Amino acid sequence: MSHRKSTPLNKVLGRIDDLDATNLAILVQRLAREQKLLRTIFDLVHEGILVIDQNGVIEYANGAAGKLIGFDVRDSGKAVLWKLVPDLARTLDLSSEGAFDEVSGASRELHLTYPESRYVRLYLVPFFEGKTGDSRKNLRYAVILSDITEEKISTQDQIENEKVSSIIMLAAGVAHELGNPLNSLTIHLQLMKRELRKMGENEHLAKIEKSLAVCSGEVERLDGIIANFLEAVRPHPPDFQDLDALSILEEVLEILGQELKNHQILVEIESSGLLPVISADRNQIKQVYFNVLKNACEAMEGGGSIKVRTRSDDEFVFLQIGDSGRGIEQSDFTHVFEPYFSTKEKGHGLGMMIVQRIMREHGGQLGIDSQLGVGTLVTLQFPQKHRRIRLLKK
Ligand code: ADP
Ligand code: MG
C-alpha cells in the first residue's frame, strides 16, 4: 500500500532510531491515543469485525462481534473462531491442521445459536500485515459479520404482506402476458430469416440479416429477463421429493452440453460413491445449478474447466462447483446476492439472488470462495432428508 509511507506517523516511525526518550514517549502516547480512538469507533459499528490468523485464532474482535459469537476479549490470541462457531468449520474447507486455504474472499450464511439465535452473513477477506511480498506468515483475515436476522424475517413478512404481494402478482401477471407476443416475435423473426435466405445473397440482404440477428438476440434476452423476474418474485413453496443431488446436476450439464463445448469448457466430476438422499424441489434445484453453471461459463470467456466435487457428513450433502474463471473482486463480494447487481454488460443480476432464496427455502446454505484470476468455488449445502424432517417436527 503506497499511501502508507506518506502519513505523518509513518514519517516519524521511519526515524525511530533517532528519537530521544522524550520524543519516544510522546510517540507512544500518540499511538495509544490513536489505538483507543480506533477501538472506540470499531465498537460503535453495527457489523461484527474480527481479525484472525490462518489457523482461526482470534486476535481482535469489536464489540458487535463479541456479542454475536460470545467471545470474551480476554481470550484474544487464544480462542479459535472455528471452535466458537463450529458450523463455520463445516462450511470452510479446513485442512487437518485447522488452517484455511488462501482465497481472495469468501462468503457464507450462518445460523449462530450461541449465545443467541442470530442469522449472519460472513465475509472473510485476507490481508497482509507488514510489507507486501512478505511470506505467508503475515497472512491475516478480516472477518465481517452482518446480522441478517431481521432481513430474513422481513422477507417472510414481505411475502405475507398482502399489499406487496398483490403488486408482485400484478407485475408477475404482466410479465407472464409478455410471453405470448415474445413467442410470436421469435416465430416471425425465424420466418423472415428463412424468406431472406431464399432471396439469395447481396450486400443489402446481408445488412437485413444482421439486423434480424440483433433482433433475435434481444428477444432472447427479454425472454431471459422475464423468466428470471418471474422466478425471483413468485414465491412458490418447494415441492419436496427424495432426490440425488448429483444426478440432477448431471441432467443440467447434459442440457448445457453444446454450450459448454462451444465455449471450450471441460467438466470434471469427482464423487465418492452414492450420496445420501436429499429432500428438495427438482425444478428449483435445477434452477440453482443452471444459474451457478451459467455464471461459471460467463466467467471463462476463453474456455476453462468446471470441477464438481461432492461430500457429505452426518447432516448435510455438500456439492461444490468450481470454475477457472476470472474470480470476484474483493469490493464486489458483498454485492453478489443483491438483486440487479451485475458486472456484466448484459447481466440482469438476479441469478445469485434466486440461488440464495431457493437454498434458504430448502434449509440449505450457499457459500462462495473466490480468488481473482484463479477461479470461483460455489458450495451448495443441502440438509439430508432425515435432518429436514427432524427440523419440521420441532
Ligand atoms: P448476472 O450473472 O446476471 O450478472 P448473478 O446474480 O448471477 O447476475 O451474478 C452477480 C454477479 O456476481 C456477476 O455479475 C459477477 O460479477 C459475480 N459472479 C457470480 N458468479 C461468478 C463466478 N462464477 N465468477 C465470477 N464472478 C461471478
Ligand atoms: Mg448469472
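What follows is what I found in it, starting with some conventions.

This is a predicted model, in which local features need pLDDT of at least 70 and side-chain atom pairs count only at pLDDT 80 or more, while totals for chains, interfaces and linings use all residues. Residues are numbered from 1 along each chain as its sequence is written, chains are lettered from A and ligands numbered from 1 in the order in which they are written, and side-chain values use heavy atoms, with hydrogens and water left out.

**The protein overall**

The protein has 14 helices and 12 strands; these are DSSP runs numbered from the N terminus, with helices being H or I of at least four residues and strands E of at least two. Buried residues make up 38% of its 394 residues. For burial I use relative accessible area with a 1.4 Å probe and protein chains only: under 20% is buried, over 50% is exposed, and in between is partly exposed. The exposed surface comes to about 23,300 Å², of which carbon and sulfur atoms supply 56%. Those areas come from the Shrake-Rupley method with a 1.4 Å probe, and for residues only the protein chains shown count as cover.

Among contacts with a separation of 6 or more, residues 24 or more positions apart account for 64%. A contact here means heavy atoms within 4.5 Å.

**Around ligand 1**

There are 19 residues around ligand 1, and Asp323, Ser342, Thr343, Lys344 and Met352 come nearest; a residue belongs to this shell if one of its heavy atoms lies within 4 Å of the ligand. The shell divides into 7 nonpolar, 9 polar and 3 charged residues. Helices α12 (282–298) and α13 (351–361) each supply at least two shell residues, and α12 gives the most, with 3 residues.

From Met352, a backbone N or O atom lies 2.8 Å from an oxygen atom of ligand 1. Taken alone, ligand 1 exposes 540 Å², and the protein buries 94% of that.

Gln356 also sits in helix α13. Gln356 counts as buried because its relative accessible area is 11%. Neighbours within four places in sequence aside, Gln356 is in contact with Glu109, Arg121, Phe337 and Leu366.

**The nonpolar cores**

In soluble globular proteins, nonpolar side chains tend to be buried together. A nonpolar core here is a set of buried Ala, Val, Leu, Ile, Met, Phe, Trp, Tyr and Cys residues joined through side-chain atoms within 4.5 Å. The largest one has 43 residues, and Leu249, Tyr289, Ile306, Leu319, Leu380 and Phe382 touch the most other members. Elements giving two or more residues to this core include α10 (245–255), β9 (304–312), β10 (316–323) and β12 (375–383). The largest share, 7 residues, comes from α12. Leaving aside neighbours within four places in sequence, Leu380 is in contact with residues including Val288, Tyr289, Leu319, Val355 and Met359. A second, separate core of 26 residues includes Val57, Leu68, Ala79 and Leu112.

**Backbone details to check**

Most residues other than glycine have a negative phi, and most peptide bonds are trans. Tyr114 and Pro115 are joined by a cis peptide bond, with omega about -5 degrees; Pro115 lies in the loop between β3 (105–112) and β4 (118–128). Gln264 has a positive phi, near 55 degrees, and lies in the loop between α11 (257–262) and β7 (265–270). Gln264 counts as exposed because its relative accessibility is 61%.

Finally, Gln330 is in the loop between β10 and α13 and is partly exposed, with a relative accessible area of 43%. Gln330 and Gln371 are 41 residues apart in sequence, yet their C-alpha atoms are 8.9 Å apart. Not counting residues up to four places away in sequence, Gln330 touches Ser104, Val125 and Pro126.

Best wishes

Terms used
Polar contact = N/O pair within 3.5 Å; in protein donor to acceptor, adjacent residues only side chain to side chain. Nonpolar A, V, L, I, M, F, W, Y, C, P; charged D, E, K, R; others polar.
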